[in-house]
Amino acid sequence: MNKLMTNLIILVIIGAAAGAVGQIFLKIGINEIGVVKYSNLSVVFQNIIKIITNRFAITGLFFSAIAVFFGIILLSQNNLSFIYPLCVGALFIAVLLLSKLFLKENISIIQITGIIIIFVGILILIKFGKQ
């Protein structure tokens, strides 16, 4: 594997990790806030205030912004049709692992099977997808 591909993989992993950490923090924050309702505009604004004043939600948004930053770097150097599936696949895997680890979510055999298929797809993209 050449240095350019190695750097790409490192950026994808860092971006996916940041995105997954962001999702974990957002989920913790939303669990504290409760069900977010959107019945009318007033309720929407009340929920926005709750979200932007929750330390976990803010932390989640911060890590999500870092993930977007890495995505922009990757998009500036690669085709969208190559990099987007790579990043989303890596994010799926990272979210599943961190959800199990930190949120104690149950992971089904179907989810594990899906993640294995996604991982194989990522390997195929890395080996043959770069043009």
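**Helices, core, surface patch and pocket of a predicted model**

Leu123 is located in helix α5, where helices (H or I, at least four residues) and strands (E, at least two) are DSSP runs numbered from the N terminus. The model is predicted, so local features need pLDDT of at least 70 and side-chain atom pairs count only at pLDDT 80 or more, while totals for chains, interfaces and linings use all residues. Residues are numbered from 1 along each chain as its sequence is written, and side-chain values use heavy atoms, with hydrogens and water left out.

The relative accessible area of Leu123 is 44%, which places this residue in the partly exposed class; buried means under 20%, exposed over 50%, and partly exposed in between (1.4 Å probe, protein chains only). Ile122 also belongs to helix α5. With a relative accessibility of 10%, Ile122 is buried. For Ile122 and Thr53, 69 residues apart along the chain, the C-alpha separation is 37 Å.

The protein contains five helices and zero strands, in the order α-α-α-α-α along the sequence. Its C-alpha atoms fill a box of roughly 50 × 35 × 25 Å along the principal axes. Among its 131 residues, 31% are buried.

The largest nonpolar core comprises 17 residues, and Leu8, Val12, Ile83 and Leu86 have the most contacts inside it. At least two core residues come from each of α1 (3-33), α3 (55-77), α4 (80-103) and α5 (109-129). A nonpolar core is here a set of buried Ala, Val, Leu, Ile, Met, Phe, Trp, Tyr and Cys residues joined through side-chain atoms within 4.5 Å. In soluble globular proteins, nonpolar side chains tend to be buried together.

On the surface, a nonpolar patch is formed by Leu41, Phe45, Ile48, Ile49, Ile52, Ile58 and Leu61, whose accessible area together is about 650 Å². Accessible areas come from the Shrake-Rupley method with a 1.4 Å probe, and for residues only the protein chains shown count as cover. Patches consist of residues with over 30% relative accessible area and no salt bridge; like charges are joined within 9 Å and nonpolar side chains (Val, Leu, Ile, Met, Phe, Trp, Tyr) within 5 Å. A salt bridge is a side-chain nitrogen of Lys or Arg within 4 Å of a carboxyl oxygen of Asp or Glu. Both α2 (41-52) and α3 supply at least two residues of the patch, and α2 gives the largest share, five residues. Ile48 lies in helix α2 and is partly exposed, at 37% relative accessible area.

The largest pocket has a volume of about 360 Å³. Two or more residues of its lining come from each of α1, α3 and α4; the largest share, seven residues, belongs to α3. The lining has 19 residues, of which Ala67, Val68, Gly71, Cys87 and Leu91 lie nearest the pocket centre. A pocket is an open set of points on a 1 Å grid over the protein atoms alone where a 1.4 Å probe fits, with protein on both sides within 12 Å along at least five of seven lines; lining residues have an atom within 4 Å of a point. Grid points are joined across faces, edges and corners, and a volume is the space filled by probe spheres set on the points.

Lys104 is in the loop between α4 and α5. Although not a glycine, Lys104 has a positive phi of about 55 degrees. Lys104 is exposed, with 61% relative accessible area.
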